[in-house]
Amino acid sequence: MGKEDLMPSESEWLVMEILWDNAVPLTSMEVIRRVQENRKMSAKTVRVLMNRLCQKKIIDYTVDKEDARVYHYFALRSKEECLREKSKHFIDSYFSGNKTNALAALLKNCDLTTEQIEELEGILEKSKERDDK
């Protein structure tokens with residue numbers, strides 16, 4: 001598997017959001033039901049997505065102590081970790097790794113509020129402080 005193959009796809013991200021939003025592991029039926037609340041997707045498709053995520057070692061499961069047919073799924077990687085990897089891959093793929101060009105392209109195509117601009121300024125300031133150390 002290549003590095004890109006180890007990141008959640010767009011469809012797999014739906015499953016991940018559900019697992020990240022829950023403090024406790026969920027059964028496949030619970031995940032399926034929650035995915036279907038937001039998207040028209042068959043149970044079989046959701047199971048395929050969960051299987052792929054297990055193969056990528058992004059999620060894992062434990063077997064129910066009372067019923068060996070029931071698995072409880074949980075995330076192995078945090079949302080922040082996956083977002084970092086997705087962002088890096090995006091910058092590498094579309095901007096030849098140039099972070100400045102990537103940020104400039106995103107900012108030029110967004111209508112930001114004053115509050116959002118101030119938030120970005122704070123992030124840049126923190127980045128400068130880290131760089132100065």
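This is a predicted model: local features need pLDDT of at least 70, side-chain atom pairs count only at pLDDT 80 or more; totals for chains, interfaces and linings use all residues.

Take helix 1, residues 10-20, against helix 3, residues 43-55. Their axes come within 9 Å and cross at roughly 85°. That makes helix 1 roughly perpendicular to helix 3. On the helix 1 side, the residues in contact are Ser-11, Glu-12, Val-15 and Met-16. They meet Val-46, Leu-49, Met-50, Arg-52 and Leu-53 of helix 3. Sorted by class, this contact has six nonpolar residues, one polar and two charged.

Now the other partner of interest, helix 4, which covers residues 79-95. Helix 1 packs on helix 4 at an angle of about 150°, and the axes are 11 Å apart. The two helices are therefore roughly antiparallel to each other. Helix 1 contributes Trp-13, Glu-17 and Trp-20 to the contact, while helix 4 contributes Lys-79, Cys-82, Leu-83 and Lys-86. Here the classes are four nonpolar, no polar and three charged.

Which residue forms a salt bridge with Lys-79? The partner is Glu-17, with the closest N and O atoms 3.1 Å apart. Lys-79 lies in helix 4 and Glu-17 in helix 1, so the pair ties together parts that are 62 residues apart in sequence. Across the whole structure, the search finds seven salt bridges.

Last, the surface. There is a nonpolar patch of about 820 Å². Its members are Phe-90, Tyr-94, Leu-103, Leu-106, Leu-107, Leu-112, Ile-117, Leu-120 and Ile-123. Helix 4, helix 5 (99-108) and helix 6 (114-132) each give two or more residues to this patch. Where does Leu-112 lie? Leu-112 is in the loop between helix 5 and helix 6.

That is what I have for today.

Note on methods:
Residues are numbered from 1 along each chain as its sequence is written. Side-chain values use heavy atoms; hydrogens and water are left out. Axes are lines fitted to C-alpha atoms, for helices over the stretch in contact, and angles run from 0 to 180 degrees between N-to-C directions. Helices (H or I, at least four residues) and strands (E, at least two) are DSSP runs, numbered from the N terminus. Angles under 35 degrees count as roughly parallel, over 145 as roughly antiparallel, 65 to 115 as roughly perpendicular and the rest as oblique. Contact means heavy atoms within 4.5 Å. Ala, Val, Leu, Ile, Met, Phe, Trp, Tyr, Cys and Pro count as nonpolar, Asp, Glu, Lys and Arg as charged, and the others, Gly among them, as polar. Patches are made of residues with over 30% relative accessible area and no salt bridge: like charges are joined within 9 Å, nonpolar side chains (Val, Leu, Ile, Met, Phe, Trp, Tyr) within 5 Å. Accessible areas come from the Shrake-Rupley method with a 1.4 Å probe; for residues, only the protein chains shown count as cover. A salt bridge is a side-chain nitrogen of Lys or Arg within 4 Å of a carboxyl oxygen of Asp or Glu.
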